[in-house]
Amino acid sequence: MKTTKTRFKLDQGITWVRMARARWCVVASSDIQQSRLSVYDFDIDIKCCEVYYLVGPVIAGIMDDTGSGLRLALTLGTM
């Protein structure tokens, strides 16, 4: 079994991460003003397939697998 090690350079610190269905990884990277929510697909060589920008830092969150999709509830901080 071959393991793969991949490094990504992020300008912001990772504040929240969740895995779903052994395929998707949702990562929130934040600074004090904004967040970037990135969705990685492990079925296609750990490729980032979606990016969303939020207007505050992600402090906490939960993810629910509904069977037909993923539902997120995130807590954003304010300045």
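User: Why is Asp65 called partly exposed?

Analyst: The relative accessible area of Asp65 is 39%. Buried means under 20% relative accessible area, exposed means over 50%, and partly exposed lies in between (1.4 Å probe, protein chains only). The value of 39% falls between those cut-offs, so Asp65 is partly exposed. The model is a predicted one: local features need pLDDT of at least 70, side-chain atom pairs count only at pLDDT 80 or more, and totals for chains, interfaces and linings use all residues. Residues are numbered from 1 along each chain as its sequence is written, and side-chain values use heavy atoms, with hydrogens and water left out.

User: What makes the pair of Arg21 and Asp65 a salt bridge?

Analyst: A salt bridge requires a side-chain nitrogen of Lys or Arg within 4 Å of a carboxyl oxygen of Asp or Glu. The closest N and O atoms of Arg21 and Asp65 are 2.8 Å apart, so the pair meets the definition. This pair links distant parts of the chain, 44 residues apart: Arg21 is in the loop between S1 and S2, and Asp65 is in strand S5 (residues 58–65). The strand labels follow DSSP: helices (H or I, at least four residues) and strands (E, at least two) are DSSP runs, numbered from the N terminus. Arg21 has a relative accessibility of 44% and therefore counts as partly exposed.

User: How many salt bridges does the structure hold, and which residues form a network?

Analyst: The structure holds 4 salt bridges. In one of them, Asp41 pairs with Arg23, and their closest N and O atoms are 2.8 Å apart. Asp41 lies in strand S3 and Arg23 in the loop between S1 and S2, so this pair ties together parts that are 18 residues apart in sequence. Arg23 also pairs with Asp43, with 3.3 Å between the closest N and O atoms. Asp43 lies in the loop between S3 and S4, so this second pair ties together parts that are 20 residues apart in sequence. Through shared partners, these salt bridges join Arg23, Asp41 and Asp43 into one network.

User: How do you know whether Arg23, Asp41 and Asp43 are buried, partly exposed or exposed?

Analyst: Each value is set against the cut-offs already given. Asp41 counts as buried because its relative accessibility is 2%. Arg23 is partly exposed because its relative accessible area is 30%. Asp43 counts as exposed because its relative accessibility is 56%.

User: Why is Ile32 called exposed?

Analyst: Ile32 has a relative accessible area of 63%, and it is therefore exposed. Ile32 is found in the loop between S2 and S3. Its C-alpha atom is separated by 9.7 Å from that of Val55, 23 residues apart along the chain.

User: What makes strands S1 (13–20) and S4 (47–54) edge strands?

Analyst: The open sheet has 4 strands in the order S1-S2-S3-S4, with antiparallel pairing. S1 and S4 are the edge strands, as each pairs on one side only.

User: What makes a group of residues a nonpolar core, and which residues form the largest one?

Analyst: A nonpolar core is a set of buried Ala, Val, Leu, Ile, Met, Phe, Trp, Tyr and Cys residues joined through side-chain atoms within 4.5 Å. The largest has 8 residues: Trp16, Ala20, Trp24, Val26, Ala28, Leu37, Val39 and Val58. S1, S2 and S3 each supply at least two of its residues, and S2 gives the most, with 3.

User: Why is S2 called mostly covered?

Analyst: In S2, 7 of its 7 residues are buried. Trp24, Val26, Ala28 and Ser30 point one way from the strand, and Cys25, Val27 and Ser29 point the other way. In a regular strand, the side chains alternate between the two faces of the sheet.

Technical notes: Two strands pair if DSSP finds at least two bridges between them.
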